[in-house]
Amino acid sequence: MSVNIKEGWEPKILAFCCNWCTYTGADLAGLNRMKYPENVRVARVPCSSRVNPQFVIRAFQKGCDGVLVCGCHPGDCHYVTGNYFTRRRFMLMKKLLEYNGIDPNRFQARWISGSEAAKFRDTVTRVSEQIKELGPNVKFREGRWS
Amino acid sequence: MNDIETKLRETVKRLLADHTVRYVIGWEATRFEDKTRPAFISDSADTDRLVWNKYCVSSLAKYALDEQHSEGKIGICVRGCDSRAVCRLIEDKQLLRENLYLIGLPCDDKEMNICDTCTHRNPVIYDELVGEPVLERQADRFAMVGLMEAMSADERYSFWESNYSKCIRCYACRNICPACNCRACYADQERVGWQGKQMNTAQNQIYGLTRTYHVGDRCIECGECERVCPMMIPVMLQTRKMLKDINEMFGDYECGLPDGRAPVLGEYTLGDADDFM
Ligand code: SF4
Ligand code: SF4
């Protein structure tokens with residue numbers, strides 16, 4: 001499982017952001033001209049509970065080095081209860097991924113509200129740094145995506 | 001022939017004669033001394049085909065799904081694990097209790113490894129018990145998971161990678177599992193493309209992880225998935241990991257018991273921990 005890190009390698013990080021909070025937070029970060037790493041790709045989802053745990057495994061399979069799931073703070077969900085299910089789901093999923101050998105930093109979940117532009121910037125910057133330190137992910141990856 | 005076997009045959013004969021059930025699912029002998037296979041007895045003249053011995057290991061509950069839309073009762077011989085499988089299917093709204101007649105068989109003689117960690121040797125639900133209840137044993141269900149957790153992340157990854165590299169995706173582990181009772185499985189939805197058809201380790205791992213997650217909070221720990229796997233992949237070691245976490249986070253948790261407890265992933269509380277976030 002050794003990997004040659006090519007020069008200039010940048011991690012691919014997929015951030016699932018809920019339409020009502022985190023995506024708006026990211027938007028606000030943009031409006032305020034905040035700088036955050038380019039290697040984070042934002043995927044807008046209607047609710048953090050839209051993120052099927054299988055999206056996460058598929059992301060690793062298809063070449064992501066880290067995955068982030070973000071949604072509204074508990075109590076703020078646009079659909080009232082969605083993020084409570086997200087919380088349970090990923091609480092177990094994270095442990096299962098670790099059990100299967102994925103580094104805990106490669107999969108993270110966060111609550112970020114629509115007004116927390118700075119928190120969005122800080123979170124993705126930090127995650128990006130952590131993933132850079134870990135290097136490219138080879139676990140679960142399909143050969144042709146490496 | 002043993003006493004219980006005789007009693008079982010008499011019971012089934014009686015149930016068929018008075019039309020309580022249309023047929024009974026049990027086990028019968030094969031040409032191999034150490035193997036039995038499921039038997040479907042609808043004629044009271046055939047009841048002598050039924051056997052009860054330490055080789056009666058296949059799970060029978062899932063065959064009842066074929067009768068989901070039929071009228072009248074069918075009989076099923078249930079050991080502890082079969083009865084929990086029936087509970088699972090009833091709780092998942094796949095079967096109606098009133099369409100089943102359960103013939104309970106306490107079980108204390110099986111020689112499979114998986115049975116060493118069994119905590120319900122007596123059926124948890126039944127209509128009629130054949131034989132005497134046996135003593136339940138204490139077992140540490142999560143000892144193996146603990147050993148796995150003690151390994152490093154890379155060691156665990158290599159362990160699962162080498163195991164899943166053998167998987168031939170026969171889906172036997174899915175087909176036998178009482179918790180896998182969806183009418184259409186994600187793995188068969190080719191056009192949606194959840195699961196690639198390529199035979200490579202990455203795809204097998206995706207299958208393995210997804211299967212685990214889909215059944216993890218409803219697994220009754222019957223061990224059938226491991227028994228049927230032709231490639232000897234210890235698949236229950238995955239679901240047991242999820243159950244261990246659930247036990248640690250939400251208190252004692254066992255599935256397939258008639259206690260009306262909902263699967264943990266189907267509900268939430270406001271106070272759930274989010275320290276992982
Ligand atoms: S032990 Fe295996 S076959 Fe039995 S319920 Fe659990 S996952 Fe399904
Ligand atoms: S039974 Fe074994 S070989 Fe077949 S799909 Fe399941 S894990 Fe793979």
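Me: Where is the place of Trp52(B) in chain B?
Reply: Trp52(B) sits in the loop between strand 2 (36–41) and strand 3 (74–78) of chain B, where a strand is a DSSP run of E with at least two residues, a helix is a run of H or I with at least four, and both are numbered from the N terminus. The model is predicted, so that local features need pLDDT of at least 70 and side-chain atom pairs count only at pLDDT 80 or more, while totals for chains, interfaces and linings use all residues. Residues are numbered from 1 along each chain as its sequence is written, and chains are lettered from A and ligands numbered from 1 in the order in which they are written.

Me: Why is Trp52(B) called buried?
Reply: A residue is buried if 20 or more other C-beta atoms, placed from the backbone, lie within 10 Å of its own, exposed if 12 or fewer do, and partly exposed in between. Trp52(B) has 25 other C-beta atoms within 10 Å, so it counts as buried.

Me: Which residues is Trp52(B) in contact with, leaving aside its neighbours within four places in sequence?
Reply: They are Asn2(B), Ile4(B), Glu5(B), Leu8(B) and Leu105(B), a contact meaning that the C-beta atoms of two residues, placed from the backbone, lie within 7 Å. Tyr164(B), by comparison, is 112 residues from Trp52(B) in sequence and 35 Å from it in space, C-alpha to C-alpha.

Me: What makes chain B as compact as a globular protein of its length?
Reply: Chain B has 8 helices and 5 strands, which run α-β-β-β-α-β-β-α-α-α-α-α-α from the N terminus on. Its radius of gyration, taken over C-alpha atoms, is 20 Å, close to the 19 Å that the globule rule (2.2 Å times the number of residues to the power 0.38) gives for 277 residues, so chain B is as compact as a globular protein of that length.

Me: Which element of chain A gives the most to the side that touches chain B?
Reply: The contact takes 30 residues from chain A and 26 residues from chain B, and helix 3 of chain A gives the most to chain A's side, with 13 residues. By class, that side has 13 nonpolar, 6 polar and 11 charged residues, where Ala, Val, Leu, Ile, Met, Phe, Trp, Tyr, Cys and Pro count as nonpolar, Asp, Glu, Lys and Arg as charged, and the others, Gly among them, as polar.

Me: What is called a nonpolar core?
Reply: The term is used for a set of buried Ala, Val, Leu, Ile, Met, Phe, Trp, Tyr and Cys residues joined through C-beta atoms within 7 Å. In the largest such core, of 111 residues, Ala15(A), Phe16(A), Cys18(A), Val67(A), Ile76(B) and Val86(B) touch the most other members, and helix 3 of chain A supplies the largest share, 7 residues. Not counting residues up to four places away in sequence, Ile76(B) touches several residues, including Ile25(B), Leu60(B), Val86(B) and Leu102(B). In soluble globular proteins, nonpolar side chains tend to be buried together.

Me: Which residues come nearest to ligand 1?
Reply: A residue is near a molecule if its C-beta atom, placed from the backbone, lies within 6 Å of it. Of the 14 residues around ligand 1, Cys177(B), Cys219(B), Cys222(B), Glu224(B) and Cys225(B) come nearest, and the shell has 10 nonpolar, 2 polar and 2 charged residues. Ligand 2 is surrounded by 13 residues, the closest being Cys167(B), Cys170(B), Ala172(B), Cys173(B) and Cys229(B), and its shell has 12 nonpolar, no polar and 1 charged residues.
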